[in-house]
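Please open the model in your viewer, with the sequence panel beside it, and follow the selections below in order.

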Amino acid sequence: MFTFIAFLLTMLGCINWLMVGLLQYDFIAGLFGFQASIFSRLCYILIGAGALYLLLRIIINKGTFKIFERRKKRQESPNKNSAIPQETLAAANIEAGRENISHYDEAHSNENQDNLFDEHFGQN
């Protein structure tokens, strides 16, 4: 929320400087009568503070900032009551390269306990 407000204030300041450069008209001073008005000065201070805030956000985020940030929802782990069978989920994880080693160990615990090294090189 602060990033959005700071962004709006900075854009207001940019438009004001554009108008000063092109038309020699200070929009903020025009709103409040003159540049030395307390409200004009407060507006300039808020615009500058918003720009500093955005600069700090860019430095902290290593060169990027997001105006709108949505919080990530936690991914729910599949439970036993889900509509998708556990075997299907395990197969999908293996195909995606996310093989669950503990699931593999449980499934093959009843099989022969030979070492893979022994199996491939014929050592018993």
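Helices (H or I, at least four residues) and strands (E, at least two) are taken here as DSSP runs, numbered from the N terminus. This is a predicted model, in which local features need pLDDT of at least 70 and side-chain atom pairs count only at pLDDT 80 or more, while totals for chains, interfaces and linings use all residues. Residues are numbered from 1 along each chain as its sequence is written, and side-chain values use heavy atoms, with hydrogens and water left out.

Of its 124 residues, 13% count as buried, where buried means under 20% relative accessible area, exposed over 50%, and partly exposed in between (1.4 Å probe, protein chains only). The accessible surface, from the Shrake-Rupley method with a 1.4 Å probe and with only the protein chains shown counting as cover for residues, comes to about 11200 Å², of which 60% belongs to carbon and sulfur atoms.

Next, select helix H1 (2-23). Its 22 residues should span 32 Å at 1.5 Å a residue, and its end C-alpha atoms are 31 Å apart, which agrees; the expected span is 1.5 Å times one less than the number of residues. Colour Thr3, Ala6, Thr10, Gly13 and Asn16, which are buried in H1. Seen down the axis of H1, these buried residues fall within an arc of 145°, so they line one face of the helix; the arc is that of the directions from the helix axis to the C-beta atoms. On the other side of H1, Leu18, Leu22 and Leu23 are exposed. Just after H1, glutamine 24 takes a positive phi of about 55°.

Now move to helix H3 (residues 38-60), whose 23 residues reach 33 Å from first C-alpha to last, close to the 33 Å expected at 1.5 Å a residue. Its buried residues are Ser40, Cys43, Ile47, Gly50 and Leu54, and what covers them includes H1 and helix H2 (27-32). The cover of the buried residues of H1 includes, in turn, H2 and H3. After H3 comes lysine 62, with a positive phi near 60°.

Finally, which residues make the nonpolar surface patch of about 960 Å²? Select Leu18, Leu22, Leu23, Tyr25, Phe27, Leu31, Phe32, Ile38 and Phe39. H1, H2 and H3 are the elements that give two or more residues to this patch. Stop at phenylalanine 32, found in helix H2, which counts as partly exposed at 35% relative accessibility.

Methods: Contact = heavy atoms within 4.5 Å. Patch = residues over 30% accessible without salt bridge, like charges linked within 9 Å, V, L, I, M, F, W, Y side chains within 5 Å. Salt bridge = Lys/Arg side-chain N within 4 Å of Asp/Glu carboxyl O.
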